Amino acid sequence: MNIFFDFDDVLFDTRAFKKGFLDLFIGKFNLTVENFETSYKKARERDGISNYIFENHLKILNLEFGLSKDLVEQEVKYFAKDLSKYVIEDVKKSLETLNDMGHTLYIVTFGSKFIQDIKISGSGLAHLFKDIIVTEGDKGEAVSRLFKKNGYNKKKSIFVDDRINHLQKITTLHPNMNCVVMIRPEGRYTKKMIKDKNFSNYLSVENMNDLVEFIATDIY
Ligand SMILES: [Mg+2]
């Protein structure tokens, strides 16, 4: 089976990472929480799509607070060397189990390259995946690129994501994709999703152990 994973809030505790990121700026650069939050928010805005761009943040921090771009980048890279503490508890073992079961694993993550690359590399999980794509565009197109690059196969495919709108876009291009919604308690979008009940059209799991169990019992 081909198993495609989203990264943030599925494999990685992005809320906790963001807190660590904030603490770095407060501790190392004496920014206030408010200054950090405001500058972070400004760095997210681009073409109306909510997407954090680290390079924008460097420019803003330099212009507004006189922080050296090189120094900030250096500190962030140092901070990101080991981010294994932000990998959600059940993830590593479950990915190893899925690999042992003979499945082929991929990451397809939305976001800007610098920050997604350092998170994935710092997580220490990259070696468990056949291929990894960071995209600022459509995840369905990213899946097509992965199939093209790694050779299309007729194995069943599933995509695990915590964002319903991303799954919807994927099935537009890949109608045979089996979608699984990860509704983790620590996920940033979980509360709203449960409130809106907007995951009910998909199979949902709350953690990786449930996912492994579903796959092992061959529900698809
Ligand atoms: Mg996500």
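Trainee: What should I keep in mind before reading any feature here?

Mentor: This is a predicted model, in which local features need pLDDT of at least 70 and side-chain atom pairs count only at pLDDT 80 or more, while totals for chains, interfaces and linings use all residues. Residues are numbered from 1 along each chain as its sequence is written.

Trainee: How do I read the packing of two helices, and at what angle do the axes of helix 3 and helix 4 cross?

Mentor: Helices (H or I, at least four residues) and strands (E, at least two) are DSSP runs numbered from the N terminus, and axes are lines fitted to C-alpha atoms, for helices over the stretch in contact, with angles running from 0 to 180 degrees between N-to-C directions. Angles under 35 degrees count as roughly parallel, over 145 as roughly antiparallel, 65 to 115 as roughly perpendicular and the rest as oblique. In this model the axes of helix 3 (residues 54–65) and helix 4 (residues 69–79) come within 9 Å and cross at roughly 130°, and the two helices are therefore oblique to each other.

Trainee: Which residues make the contact of helix 3 with helix 4?

Mentor: Two residues are in contact if their C-beta atoms, placed from the backbone, lie within 7 Å. On that criterion L58, L61 and N62 of helix 3 meet K69, V72 and E73 of helix 4. For the classes, Ala, Val, Leu, Ile, Met, Phe, Trp, Tyr, Cys and Pro count as nonpolar, Asp, Glu, Lys and Arg as charged, and the others, Gly among them, as polar; the residues of this contact divide into three nonpolar, one polar and two charged.

Trainee: How far apart are the axes of helix 7 and helix 8, and what does their contact contain?

Mentor: The axes of helix 7 and helix 8 are 7 Å apart and the helices pack at an angle of about 50°, which makes helix 7 oblique to helix 8. From helix 7 the contact takes K139, G140, E141, V143 and S144, and from helix 8 it takes H166, K169, I170, T172 and L173. By class, there are three nonpolar, four polar and three charged residues in the contact of helix 7 with helix 8.

Trainee: How should I read the largest nonpolar core, and which members touch the most others?

Mentor: In soluble globular proteins, nonpolar side chains tend to be buried together. A nonpolar core is a set of buried Ala, Val, Leu, Ile, Met, Phe, Trp, Tyr and Cys residues joined through C-beta atoms within 7 Å, and a residue is buried if 20 or more other C-beta atoms lie within 10 Å of its own, exposed if 12 or fewer, and partly exposed in between, with C-beta atoms placed from the backbone. The largest core here has 33 residues, of which F4, F5, F7, L11, F159, V160 and V180 touch the most other members. Among the elements that give two or more residues to this core are strand 1 (2–5), strand 4 (104–110), strand 6 (157–161) and helix 10 (208–216), and the largest share, four residues, comes from strand 7. Not counting residues up to four places away in sequence, F5 touches V10, L11, L105, Y106, I107 and V160.

Trainee: How do I read backbone angles, and what is the phi of D9 and of N30?

Mentor: Phi of D9 is near 70°, a positive value in a residue other than glycine, and N30, which is not a glycine either, has a positive phi of about 55°. D9 lies in the loop between strand 1 and helix 1 (14–29) and counts as buried, with 21 C-beta neighbours inside 10 Å. N30 lies in the loop between helix 1 and helix 2 and counts as exposed, with 10 C-beta neighbours inside 10 Å.
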